[in-house]
There are 2 protein chains.
Amino acid sequence: MPRVCLIGTGGMLPLKNRWLTSCYIEHNGKAVLVDCGEGTQIALAQFECRISRIEYIFFTHCHADHISGLPGLLLSMGNCSRTEPLDIFLPQGFGDIPRKLMCICDKLPFEVNIHELPSRQGLLTADKIDPLLRVSFLPLRHSVRCLGYSFEFGRKPVFLPEKAKALGVPVEYWKVLHSGENVTLPDGREVAPAEVTGAARKSVKLTYVTDTLPFEGIARFAENSDLFICEGMYGGEDKKESMDKKGHMLMQDACLLAQKANAKRLWLTHYSPAEKNPLEYECTLKTLFPNVTVSSDGENTEL
Amino acid sequence: MPRVCLIGTGGMLPLKNRWLTSCYIEHNGKAVLVDCGEGTQIALAQFECRISRIEYIFFTHCHADHISGLPGLLLSMGNCSRTEPLDIFLPQGFGDIPRKLMCICDKLPFEVNIHELPSRQGLLTADKIDPLLRVSFLPLRHSVRCLGYSFEFGRKPVFLPEKAKALGVPVEYWKVLHSGENVTLPDGREVAPAEVTGAARKSVKLTYVTDTLPFEGIARFAENSDLFICEGMYGGEDKKESMDKKGHMLMQDACLLAQKANAKRLWLTHYSPAEKNPLEYECTLKTLFPNVTVSSDGENTEL
């Protein structure tokens, strides 16, 4: 089951009591990080998320509050003797930003591959990503090119030992079969994974949208998400006009999108530094979308 | 009197309980910052140091733990509507590093002037710096070009109201005279500042040295410092060999330098992340240099 940890919940600048918005998702021992602002590596340590497990970093966009922590994180990965390559994904036209930031990361002991994603809705091709992870992206409406992401984590079918035993499959073949590969037994018989596992299980969907005006396409993109993480810069309706100008949304907008998307749960994030106590809106927001959480740093769940 | 705040005391990477080494010095309403690693802007806020007052940033060198927080700090200065230019000083050949890091700082409402300092001992010329602040620099011995800094804060002579009264100088001229300018009174007499102030006062000297092997020249450079801030990566003598290789020093080395320099006080900083409790060495270190402080984040004094 994917473990999700919302490392930080702030927008614009890191505060002494609120880290910048970033999300760590670990599944089957591998992790995805979405955005990495100043201090994200400290917050990852604080919430016991293992940077050694991060295989992919997805950047929504290249504003400083979403990317300024990258060089520090890469160096800390290097200090942990990482040798596995790291893949970074970001909106088209911005690949030079991480390259420039990496001017203070000489001699990393691992490769960093930077992939620019096109400015249209799309799906990551399997050669770039783990086959059990399906990632789609959606252009958002912000002051710079910005992407929302949807992660679908495939779940292996349950292994059924009683079936394996009935077929006389020795225990040492079980792991390989459960990983999805056929095996040939010592007696010459070929056994397929489907013979020893249960039915296919529904994948788990997490959608991550921040730094955008609200629009219908987000609801379709987030449809049936098990968890929808969405920005809500302010909880006060009086901020609507200024949010429109800046390419952001209110907590209320996010609730309406979650409802239209038929999401199971909504976590709000990316609060303005001027929102000192975002939690005060939670009761009101529940009238718009009952399963909303005004998240705090370190908000944590298994999906 | 200059107020000094050691914002952080860590080296290599920021920890959840230790910010990266950086120092804020405020004098006459203007401030100097030395180094700015990831999280320094958060620590500045935590210790109530005002980023709006920072006029100069001095970088010892361009390793990430000393400079990665620059873009975030600049953006936060911009968010506070700063319009005054900011001057950045760093070792020769490294001016492109802040320029590259600033790729995520578009539209700053103020000018950033980057000055490279030569690789020999020197003194900042008065056209680049406040005349009441005398800054000298010393090449250190690290894996990359690195500078130590010595700041001498000039102190205005005490204003003597009884002398001003005896000379019949109206109160509205006192401030100008104390600022060091001559005035012409309504009756045509010219009065010079020296006629209404006490004797010249000794300036206050703070020396800041980090990321270097220990060597004699540091003691001469730090001579008679009121406060000597110096790295001490480890307190254990068993780390001497590895520190030699990496271009760092032990807490003991710093104490010996402070003694040779005849410094009034020594603050240690830039501890290795592996030094979990640097304070444990304080008693032993006092036998080498009695006025040593194994500093903690936010160590604070007036000089």
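Predicted model: local features only at pLDDT ≥ 70, side-chain atom pairs only at ≥ 80, totals over all residues.

Strand E2 of chain B, residues 22-27, and strand E3 of chain B, residues 30-34, run in the antiparallel sense and are joined over five bridges. Both strands sit in an open sheet of seven strands in chain B, with the order E6-E5-E4-E3-E2-E1-E16 and mixed pairing. At the edges stand strand E6 (112-117) and strand E16 (299-302) of chain B; each has a single partner strand, so one side of each is left without a neighbour in the sheet. From one strand to the next, the twist averages 15°.

Let me stay with chain B for another group of strands. Strand E9, residues 147-155, and strand E12, residues 201-209, of chain B run antiparallel and are joined by six bridges. Within that pairing, B:Ser150 stands opposite B:Thr207 in E12(B). E12(B) also pairs with strand E13 of chain B, residues 227-231, here in the parallel sense and over four bridges. In this second pairing, B:Val209 is set opposite B:Cys230 in E13(B).

I turn now to chain A. Its open sheet has seven strands in the order E6-E5-E4-E3-E2-E1-E16, and the pairing is mixed. Strand E6 (112-117) and strand E16 (299-302) of chain A are the edge strands, each pairing on one side only. Direction ignored, neighbouring strands of this sheet are turned by 15° against each other on average.

Next, the salt bridges. Over all chains, the count comes to 22. One of them joins the side chains of A:Glu26 and A:Arg53, at 2.6 Å from N to O. This pair links distant parts of the chain, 27 residues apart: A:Glu26 lies in strand E2 (residues 22-27) of chain A, and A:Arg53 in the loop between helix H1 (40-46) and strand E4 (54-58) of chain A.

Finally, the interface. How many residues of each chain take part in the contact? In chain B there are 28, in contact with 28 residues of chain A. The area buried between the two chains is about 2200 Å², and carbon and sulfur atoms give 70% of it. B:Glu38, B:Ile42 and B:Ile104 supply 27% of the area that chain B buries against chain A, more than any other three residues.

What of the polar side of this interface? Between chain B and chain A the count of salt bridges is zero, while four residue pairs are in polar contact, with both residues at pLDDT 80 or more.

On the side of chain B that touches chain A, the elements giving two or more residues are helix H1 (40-46), helix H2 (64-67), helix H3 (70-79) and helix H4 (96-101) of chain B. H1(B) gives the largest share, five residues. By residue class, this side of chain B divides into 15 nonpolar, ten polar and three charged residues.

Thank you for your attention; I would be glad to take questions.

Conventions
Residues numbered from 1 in each chain as written. Chains lettered and ligands numbered in written order. Heavy atoms only, no water. Contact = heavy atoms within 4.5 Å. Buried area = accessible area lost by both parts, 1.4 Å probe. Salt bridge = Lys/Arg side-chain N within 4 Å of Asp/Glu carboxyl O. Polar contact = N/O pair within 3.5 Å; in protein donor to acceptor, adjacent residues only side chain to side chain. Nonpolar A, V, L, I, M, F, W, Y, C, P; charged D, E, K, R; others polar. Pairing = 2+ DSSP bridges. Axes fitted to C-alpha atoms, helices over the stretch in contact; angles between N-to-C directions.
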